[in-house]
Amino acid sequence: MKNIKDVVKTVERPIKVLQFGEGNFLRAFVDWIIDQLNEKGDFNGNVMLVQPLDRGLAGMINDQNGLYTTVLRGVQNGKPVEEFRQITSVAGCINPYSEYEKFIAQAENPDLRFIISNTTEAGIAYHEGDKLDDKPQSSFPGKVCAFLYKRYCAFKGDQSKGIIAIPCELIEKNGDNLKRIVLQYAKEWNLEEGFISWVEEACDFCNSLVDRIVPGYPRAEAEELWNRLGYQDNIIDAAEIFLLWVIECHKKYYDEELPTAKAGVNVIWTDDMSFYRTRKVRILNGTHTLMTLAAYQAGLNTVEECIKSDLIFPFMKNGLFEEIIPSMDGDKAQLEQYAADVLERFANPYIIHLLMSISLNSVSKFKTRDLPSLLGYYNKFGKLPKYLVFSLAALISFYQGTEFEGAALKGNRNGETYLINDNPEYLAKFAELYSGDYKCNHCKSVAVANGVLSQEAWWGQDLTKVPGLEEAIVENLTKIFNDGMEAAIRSL
């Protein structure tokens with residue numbers, strides 16, 4: 001069978017977007033949007049992807065000349081809808097760990113206007129020891145600082161060559177935090193005041209919120225889809241039809257440069273995205289994280305299975321409507337309607353969303369998505385929310401492992417090994433805690449719960465100081481270790 005590059009023509013356009021992140025989400029979200037803008041909005045620009053880690057998809061993407069297919073599926077007006085689109089907006093992918101000069105040369109591109117990223121919740125972080133002459137820097141903000149400095153020097157501080165950064169990482173004020181760390185590096189590296197002024201005046205770091213469920217590569221049906229398409233596509237990307245991008249700007253709206261309205265794409269430009277962010281992160285993403293690790297340990301593998309499960313669906317629904325929504329401020333009816341829509345999206349029969357895909361970086365995800373609801377509920381009602389507390393216990397039990405396979409910690413589900421992927425420091429701490437010589441499951445629960453909850457750097461505070469939380473986690477962990485996840489959930 002022919003490959004997509006033998007069937008679909010590449011389209012040469014100026015590279016206007018540099019994108020840190022080559023994974024499924026951005027390719028079915030941002031790059032799909034840019035493809036729409038090229039067709040309907042006269043954008044006339046391509047995206048150059050940058051692989052944020054030393055291992056990734058650059059080789060597979062470049063083998064197909066950046067071409068791939070998106071498969072959007074859902075139910076509209078009670079009828080199934082399926083849309084295929086051949087994406088031609090990606091010019092290629094650079095691995096800065098092996099092609100640093102090619103990466104940094106993009107800074108000299110006069111057409112470049114936007115930097116977009118999704119390096120996971122853990123990506124926008126300071127890494128001590130990054131230097132300007134590293135090739136590349138370890139951290140994503142370090143790479144951005146070095147890139148912007150190269151651009152500043154190449155164009156001699158030309159204000160018109162500033163960059164608009166639109167991070168998509170699911171942390172609060174993602175653009176503001178990226179800018180803060182970039183400027184921290186600039187001062188640490190003793191870069192001139194002119195550069196700092198240029199970053200402040202010529203560049204803008206927008207905060208943004210993304211909303212589209214993207215399961216990614218449809219492994220189970222890939223060959224069937226290839227046969228329908230008439231070509232092989234090794235990075236075909238599946239997603240739901242729903243899409244929302246909220247972009248909060250500081251200087252002005254950039255809807256003329258990114259003509260999303262003209263292309264009919266659901267993008268909201270605003271000067272305050274707080275309502276949209278809180279609603280989406282705590283209800284949609286928070287519900288995903290609430291149930292994923294418990295459901296996986298109970299033997300389920302996909303979100304659709306969770307919706308159909310008489311064990312997990314009540315757990316998920318009760319946690320959402322009885323704890324997450326009550327913990328939030330705002331119109332309760334509006335929040336409940338959004339939550340009902342979210343559950344309908346989860347039930348999309350055409351989306352195979354693997355729980356193990358959602359499990360990536362669960363520690364930082366829980367901190368961002370569910371910990372505010374847990375603490376908010378406690379502060380409002382003076383008692384702990386049992387489903388959210390159980391979810392945290394399920395996270396701790398999911399990370400049970402002492403051996404590694406590559407960078408991943410090895411967990412075990414009924415004799416089957418699964419790989420836990422997260423910050424190496426987190427995984428090392430879990431492995432250390434679970435390596436203890438414990439005489440009983442309760443003893444293990446006490447030690448592990450204290451060791452995890454007391455990690456102030458993980459959670460932004462010492463969670464052992466929350467009244468009753470440590471004891472509740474110990475009780476839930478002991479049930480999980482003694483009776484198994486299914487029985488522990490039923491005991492709720």
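Guide: What follows is a short exchange on the cavity and a pocket of this predicted model.

Visitor: How many cavities of 30 Å³ or more are there?
Guide: The count comes to one cavity of 30 Å³ or more.

Visitor: And how much space lies in the largest cavity?
Guide: The largest cavity holds about 60 Å³ of space.

Visitor: Which residues line it?
Guide: The lining of the largest cavity consists of Ile-213, Val-303, Glu-304, Arg-345, Phe-346, Asn-348, Ile-351 and His-353. Four of the lining residues are nonpolar, two are polar and two are charged.

Visitor: Which helices each supply at least two residues of that lining?
Guide: Those are α11 (303-308) and α13 (332-346).

Visitor: Let us turn to the second largest pocket. What is its volume?
Guide: The second largest pocket contains about 350 Å³ of space.

Visitor: Which of its lining residues lie nearest the centre?
Guide: Of the 15 residues lining the second largest pocket, Val-75, Glu-240, Phe-242, Glu-344 and Arg-345 lie nearest its centre. Two or more lining residues come from each of β3 (68-76) and α13.

Visitor: Which element gives the most?
Guide: That is α13, with five residues in the lining of the second largest pocket.

Technical notes
Residues are numbered from 1 along each chain as its sequence is written. This is a predicted model: local features need pLDDT of at least 70, side-chain atom pairs count only at pLDDT 80 or more; totals for chains, interfaces and linings use all residues. Side-chain values use heavy atoms; hydrogens and water are left out. On a 1 Å grid over the protein atoms alone, a cavity is a set of points where a 1.4 Å probe fits but cannot get out, and a pocket is an open set with protein on both sides within 12 Å along at least five of seven lines; lining residues have an atom within 4 Å of a point. Grid points are joined across faces, edges and corners, and a volume is the space filled by probe spheres set on the points. Helices (H or I, at least four residues) and strands (E, at least two) are DSSP runs, numbered from the N terminus. Ala, Val, Leu, Ile, Met, Phe, Trp, Tyr, Cys and Pro count as nonpolar, Asp, Glu, Lys and Arg as charged, and the others, Gly among them, as polar.
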